[in-house]
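This report is meant for a reader who is meeting the structure for the first time. It begins with a sheet and then turns to its neighbours and to the chain as a whole.

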Amino acid sequence: MLKEIYCDKFTERCKRITFEPGLNTVLGSSGGSNAIGKTTLLQIIDYAFGGDDYHKTYVRELKRYVGEHSIYFTFEFDGVMNYFFRDPTDTKEVCRCDKDGHLIKKMPLDEYRLFLQEQYKVDRPGIKFGEICSRFFRYYGRENTLERYPLLIQPREQDEKAVDFLLALFGYNKILVSLKAMEEELGVKASQLRGQKKQPVDTSKIESNQKSIESLEQRLTELMQDSDNAQMGVMGFDEKAYDRANQMRKELQGLVNRRNKLRLQVNALKDRMNLNGYDSQEEFRSLQEFFPGIDMRAFSEIGEFHKNIRKILNSELTAEIDRLEPTIEHCEKEIERLKEKILDSGMAKRMSENVLSQCVQISKSIDRLRALNDELIRQRELQKNREQAVRRLNQLFNEQSKDLALIVKDINDRMHDLNAFVTEEGETDPVLKISEDKNIDFQTPGNTSEGAAFKSMILYDLSLLQLCPLPALIHDSNILKSLGDLQLEHILELYGESSKQIFIAFDKPDSTTTNANKILNGTTRIQLSKDQPLFGIDWSNLKVATQA
């Protein structure tokens, strides 16, 4: 847990602030003074947990009016003290130090967050420690304090992303990884593929076209043979002339067949190259987002090995294509040469123009039908692959829907129990609903008041704190001020009973119930006022502060 925060720029009475398990209160004055540093201290607590907002406050205000400083903080895990400090001018590193603040080593911010994640035992693949803190550390100025949207980290966040976070937080990350892998493999969002409706391929046309091709080929053969034999008798060709013409025709047909076969080989090789183009490196990199603790070096080596294999395969395929294409080109030239030779021969010149025209038209029809069949076969394979993908997606979505239903039930059941305590069973429970398409609905049915919305947000956070491995909660005074007296008292009781740390800021303790006032004063770690602001500066009167 967070044990201590120290800064030599804090006001003299509270340079060192210690914390305890359960509720830790940053108390304001009875007059409800603002601009005395309550929210800033909550930012500093977030800063100790690896947050970034305090740096922005430092650049915007503190650098000018407070001056350069460092924030020192101590965490205790299993009885061992861990000392650190951060310099607000350095956004990328955290410094580990000894108990006297002497630097031991600098560590990247991500490494520090991973350290905290391991110490807090947040063993959730696909979850980053910083994202948990940024969602459940709520203070003024952060966009996660919108009371009607407690699941969203900011108003612009898509519901789907917030729901995916919830799935991972509850330990249901396996399906998310499978869905993401399928999306990358298919090159399309799973929701889009699942919703697409395509006209099924008419596979009966393939067989019909093939029969037409065979019939046309037979007709072409007969036409050429009948024409030759008829012309031989009429035109008085000698046997040698006929043999030469027949040989050229056979040679021409052989070249055409060879050219077509070579073309099919080249197309098949190109298809294989396209399949080899898939790069698993991006998939391995995406896994790091879901498995931040894994050793990416091993995956990189595997990816590099696969990449080298693909290079070798593609190189061999390219070489084979380069070898075949000149042969195809040579066949094309030979076909043209033989066509010209046949046309120049006496037989071709005297052959019936009508027969030649029929031969040309039949050949074009055969080529057209073959191309059409090739495309139909390709579409059939794509349809088969898509149907398999959609079946797998539907299976994953069904599993995910069941997981979501369990999560929503757990949260609603826990909020029901907490709400019964907080309202003494006098008010309707907040209800969370998540549709199959991951649309979120969170409300207290029949009660749209601001107080009910903030109470619901708090109950949601407390439910997640009890159900999931959250390290801590932060609730600013703007979240608590709309609660009724009885509700506030009972929520403070729940805060105090928590085994995990909860940090709150609160104003006007004297305006609460006797028991609430007792809890607030008993858990106060620092009390701030206009006479005793955090940095010795009343931010509501910077002119006076500057002159002083």
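Two strands are said to pair if DSSP finds at least two bridges between them, and the strands themselves (E, at least two residues), like the helices (H or I, at least four residues), are DSSP runs numbered from the N terminus. The model is a predicted one, in which local features need pLDDT of at least 70 and side-chain atom pairs count only at pLDDT 80 or more, while totals for chains, interfaces and linings use all residues. Residues are numbered from 1 along each chain as its sequence is written, and side-chain values use heavy atoms, with hydrogens and water left out.

**The sheet**

Five strands make up an open sheet with parallel pairing, and their order is S8-S11-S12-S3-S13. At its edges lie strand S8 (137-138) and strand S13 (524-527), each of which pairs on one side only. S8 is joined to strand S11 (residues 472-475) by two bridges in the parallel sense, and phenylalanine 137 has isoleucine 474 as its bridge partner in S11. Helix H14 (residues 450-467) packs on the sheet, where it touches S8, S11 and strand S12 (501-506), and its direction makes about 165° with that of S11; contact here means heavy atoms within 4.5 Å, and the angle, on a scale from 0 to 180 degrees, is taken between N-to-C directions of axes fitted to C-alpha atoms, for helices over the stretch in contact.

| Parallel pair | Bridges |
|---|---|
| S3 and S12 | five bridges |
| S3 and S13 | three bridges |

Within these pairings, leucine 23 has isoleucine 502 as its bridge partner in S12, and leucine 27 stands opposite glutamine 527 in S13. S3 is mostly covered, with five of its five residues buried, where buried means under 20% relative accessible area, exposed over 50%, and partly exposed in between (1.4 Å probe, protein chains only). In a regular strand the side chains alternate between the two faces of the sheet. In S3, Leu23, Thr25 and Leu27 point one way, whereas Asn24 and Val26 point the other way, and all are buried.

**A helix beside the sheet**

Which residues of helix H17 (residues 514-522) are buried? They are Ala516, Asn517, Ile519 and Leu520, and they cover an arc of only 160° around the axis, which puts them on the same side of H17; the arc is that of the directions from the helix axis to the C-beta atoms. These buried residues pack against strand S3 (23-27), helix H16 (485-497), S12 and S13. The face turned away from the buried side of H17 carries the exposed residues Thr514, Lys518 and Gly522.

**Two further residues**

Threonine 74 has its place in strand S4 (residues 71-77), and it counts as buried because its relative accessibility is 7%. Arginine 124 lies in the loop between helix H3 (109-119) and helix H4 (129-136). Although arginine 124 and asparagine 173 are 49 residues apart in sequence, they are 7.9 Å apart in space, C-alpha to C-alpha.

**The protein as a whole**

The protein has 18 helices and 13 strands, and of its 548 residues 45% count as buried. Among contacts with a separation of 6 or more, 70% are between residues 24 or more positions apart.
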